[in-house]
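My notes follow in the order I took them.

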Amino acid sequence: MTVESPLTALLQEDRAHLVHPLHDAADHQPPIVFVRGQGAILTDADGNEYIDGLSCLWNVNVGHGRRELAEVAAAQMEQLAFVTNYAGATSEPAIKLAARLIGLAYSNMRAVYFTTSGAESNESAFKTARFYWKVHGRPDKVTFISRVHGYHGVTMAAASATGMAAYHKMFAPLVPNFIQVPPPYPYRWADYSGGATDGDVGLEAADVVEQAILREGPETVAAVIAEPVMGAGGVIVPPASYFPRLREICDRYDVLLVADEVITGFCRTGAWFALERWGVQPDIVSFAKGVTSAYLPLGGIMLSDRVHAAILDAPADLKFTHAATYSGHPTCCAVALRNIDILEQEGLAARTAVMGRRLLDGLETLREHQAVGDVRGLGMMCGVELVEDRTTRAPAIGLGGKVAAEARQRGLFIRNRGGVGGAYPIGDTLCVAPPLITSEAEIDRLVAIMHDAIHAAAAAS
Ligand SMILES: Cc1ncc(COP(=O)(O)O)c(C=O)c1O
């Protein structure tokens, strides 16, 4: 009789009972059972070590194994497991975290509503934008404009704002009043703009948003939602001209600007919040992920003065009837406060700007491989786009998954954004966003593994 190892038995149960996000039996082979993390290193059940090349899901900003975050969670749980934050009740961690966030964010921000995920943050942003216009006597402003390749989460409205067809196909019909425009994507803008371009992709891509607002009718548009740097869609970094022009356009037509900073917040791009880099202030900020460095789930929206005022001043028959059980969960908020201490004390915004440069410079050397079409990034958030042909920029589709698999075998865990053809093509893009504390030696090793993995995958194709 053969005796199954505990690991084999565990994986049988995984197959039998666990539905994974993006469930795909082939993609799940072979699954890695991760058991431990320390700093930027993950360890699996067989003792193999991997550089955590995506901070798990762009969220373990301060790295793994921070005992003080576990301690603060335990202390809060012992003191008060949970309390509602519904009007009429409150708790110290939620109050303190809201105040702390407002001190760190754009100077026009005034108040925070807490959620437990990025998708729920975006749902809250959409509802708050509609609420704002209704309070202002403009109930027809209900439409949202987002960008092709944007990712905003799994819930129906967030999925409707998401500009990745694969996330729509099996779940349609989507929520009405969500429309998408092409993103500021320098590498492929000539195609995306129909060939006409004078070279300032940032201005031209912002003007496409203006055209959409005019086409829809400004009196019907509630908000534009945009990731400062598009993450899951392929790490698309906008030219510096894009967001300042987009802000002007939103102001011109009375349209709110929602910054989806679920990835870019909490120092990921080398600033506390990414639009700081271009001197732009949004009206609503969605955040999640890095607020707790993933030690517990927490998200939220930050509201500017005027949006907050709409909630405060709303007449009795127009109340903000938006709520969730775990809004302001005390343990999550306590962990977030300690996580922010770490980000501050270790100077991780400034460090990320420097180490992000080292990472991007290293990844730039991948251009020596014929399959690499573009390398881009901001802070610790980089993408390596693969092509079939460098001259035509025909997207590579399938190679990225093989590179990620080769990288895994060599001790680097990264994700591939699968490429697509069609009207808005993008090649397989390897997403690289290690924890903000990753050492110089680890960054250099990550780059070296990427070289080997691309070489091996291309040679086998
Ligand atoms: C920019 C952005 N917004 C929203 C989300 C959704 O966040 P969550 O998965 O926590 O709902 C994500 C997740 O990756 C994201 O990258």
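I count a salt bridge when a side-chain nitrogen of Lys or Arg lies within 4 Å of a carboxyl oxygen of Asp or Glu. The model is predicted.

**Entry 1: salt bridges**

I looked up Glu-68 and found a salt bridge with Arg-338, with 3.8 Å between the closest N and O atoms. The pair links distant parts of the chain, as Glu-68 sits in helix 3 and Arg-338 in helix 11, 270 residues apart. Glu-68 is partly exposed at 24% relative accessible area, and Arg-338 is partly exposed at 22%.

I then went to Glu-346, whose side chain meets that of Arg-66 in a salt bridge at 2.8 Å, N to O. This pair also links distant parts of the chain: 280 residues separate Glu-346, in the loop between helix 11 (330-345) and helix 12 (348-364), from Arg-66, in the loop between helix 2 (55-58) and helix 3. Glu-346 has a relative accessible area of 38%, so I noted it as partly exposed. Arg-66 has 14%, so it counts as buried.

Next I checked Arg-376 and Glu-385, which form a salt bridge at 2.8 Å, N to O. Both residues are buried. Shared partners join Arg-188, Glu-364, Arg-367, Asp-374, Arg-376 and Glu-385 into one network of salt bridges. For the structure I have 23 salt bridges in total.

**Entry 2: Glu-227**

Beyond four places in sequence, the contacts of Glu-227 include His-149, His-152, Phe-243 and Asp-260.

**Entry 3: Thr-90**

I found Thr-90 in the loop between helix 3 (67-79) and helix 4. Its relative accessibility is 47%, so it counts as partly exposed. Leaving aside neighbours within four places in sequence, I list Val-83, Thr-84, Asn-85 and Ile-95 as its contacts.

**Entry 4: second largest pocket**

I noted a volume of about 710 Å³ for the second largest pocket. It is lined by 25 residues, and those closest to its centre are Asn-85, Ala-87, Val-112, Tyr-113 and Phe-320. Helix 4 (92-104), strand 4 (109-115) and helix 10 (305-313) each give two or more residues to the lining. Strand 4 gives the most, with 4 residues.

Technical notes. Residues are numbered from 1 along each chain as its sequence is written. This is a predicted model: local features need pLDDT of at least 70, side-chain atom pairs count only at pLDDT 80 or more; totals for chains, interfaces and linings use all residues. Side-chain values use heavy atoms; hydrogens and water are left out. Contact means heavy atoms within 4.5 Å. On a 1 Å grid over the protein atoms alone, a cavity is a set of points where a 1.4 Å probe fits but cannot get out, and a pocket is an open set with protein on both sides within 12 Å along at least five of seven lines; lining residues have an atom within 4 Å of a point. Grid points are joined across faces, edges and corners, and a volume is the space filled by probe spheres set on the points. Buried means under 20% relative accessible area, exposed over 50%, partly exposed in between (1.4 Å probe, protein chains only).
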